[in-house]
Amino acid sequence: GSSAAAENSPFSRLEMGTPDSQGCAFEVTIDKAWSRGFGAHVRPKEWVPGQRVLVDFGPAAVGINRAFGASVTPIRGSHAFVFALGARQDERGGFGFNGATGVLGPMPAVTCYVAPPPPSPKSPSPPPPSPRPPAPPSPPPRPQSELAPGAVQGVMTAATSCGSITVRWSAAQAKAGYPVVGYEVRAEREGGEPISKEAAGTAVEVTGLISKTMYSITVRGRSAAGLGLPSAPLSVQTDPGAAAPPTPFEVPALSSSSTESCDGLELALPELRPGCAGDQTFTLLAATDGDWYTIKEGITSRSVKLQGLDAYASHRFKLVAVNAAGESKPSRSSDALVTDAMHASLTRPPTVRATSSASFRVEWATSPCRSQLDWEVLYARRNATGRHLNWVMAEGDPSPGLLDITTLRCPEG
């Protein structure tokens, strides 16, 4: 069915699709000046992330500026667009987009349906590769100094726990006049900072590790000539956590390098807490106006990039810590955040310039990501003590970023 906005618009005679007949329903949601833009909403019969949805405007020339909850690709030589569904539908069960058209009269029918997946190209099987002689082995990397210790051999696991790994190895070969005085042991995991430990002998316990996580261990000998070659890496997994982690005490925050895309942002996250009751991964929860939902799981890095968010809504986030023994309660909520790196311009004070004894020009920053925003300009007079009196809405129809206010003379003259 059509929206109330479509009843008195150039789209009043649209043939609206229905989920039962065409796989999705098209609906106009914002109907003002079509030369400036319109908003629309599409509700597929079934939400399958990555599924393609086709919206065809027939002979009507329509351009799409932004899509929310789906990525959009125009089809050359037509006025049709293919939308690839994102990870999650909106609260109305679909996705939205902003567009513009120069059509002044009734629009032709808009068709909207779930497009079938493209056929897989069939190609003949490639011939079996001809046998090649094995490549010669790569020479080992040179040590920092010819007189530094040789590569450590025989690195093996001696013990593991949910927060530590104990390794031992054979003594490195010393060079003449430069005896081995110690070892550097390095533990690295995917998405985390490496942990280094110094050892005087040929065994050491590396602590401060994340539970049930795979680490790559290397050992290098040290002498007065410097560090020698690293050993072959040893892959070791720590033991599972013994207890569910506590509630995270830090909350997600907007990263200083946040993405500039209109539907995305980057969040800075705390470090995973090590130990037997520490964190193995983080789960990120999100909410706009409704219930909290899981937006990303299995996070091990200090930041996460999100896409497909609504540029017209504010978003809040919580963290849940997870290990093999269970998960924590959600953290406190983050501040309300909005997408793109230019959003701060929307909260800057406007600039005002007097254009006559009774008129002003008011200008303010806008965001290209939010072309459908409506603006209201308020003003207030000050009394003799400098106190603001009641705020009043200025007359006129503000264009994006500009309003000329006329006949605004104070009662006292």
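This passage describes salt bridges in a predicted model and the accessibility of the residues that form them. Residues are numbered from 1 along each chain as its sequence is written, and side-chain values use heavy atoms, with hydrogens and water left out. Because the model is predicted, local features need pLDDT of at least 70 and side-chain atom pairs count only at pLDDT 80 or more, whereas totals for chains, interfaces and linings use all residues.

A search of the whole structure gives 5 salt bridges, the term being applied to a side-chain nitrogen of Lys or Arg within 4 Å of a carboxyl oxygen of Asp or Glu. Among them is the pair of Asp 279 and Arg 273, whose closest N and O atoms are 2.8 Å apart. Asp 279 is buried, with 0% relative accessibility, and Arg 273 is likewise buried, at 17%, where buried means under 20% relative accessible area, exposed over 50% and partly exposed in between (1.4 Å probe, protein chains only).

Another salt bridge joins Arg 302 to Glu 271, with 3.5 Å between the closest N and O atoms. Arg 302 lies in the loop between strand S20 (293–299) and strand S21 (303–306), and Glu 271 in the loop between strand S18 (265–268) and strand S19 (281–287), so this pair ties together parts that are 31 residues apart in sequence. Strands here are DSSP runs (E, at least two residues), numbered from the N terminus. Arg 302 counts as partly exposed, at 45% relative accessibility.

In a further salt bridge, the closest N and O atoms of Arg 186 and Glu 188 are 3.4 Å apart. Arg 186 is partly exposed at 30% relative accessibility, and Glu 188 is partly exposed at 36%.

Methods
Helices (H or I, at least four residues) and strands (E, at least two) are DSSP runs, numbered from the N terminus.
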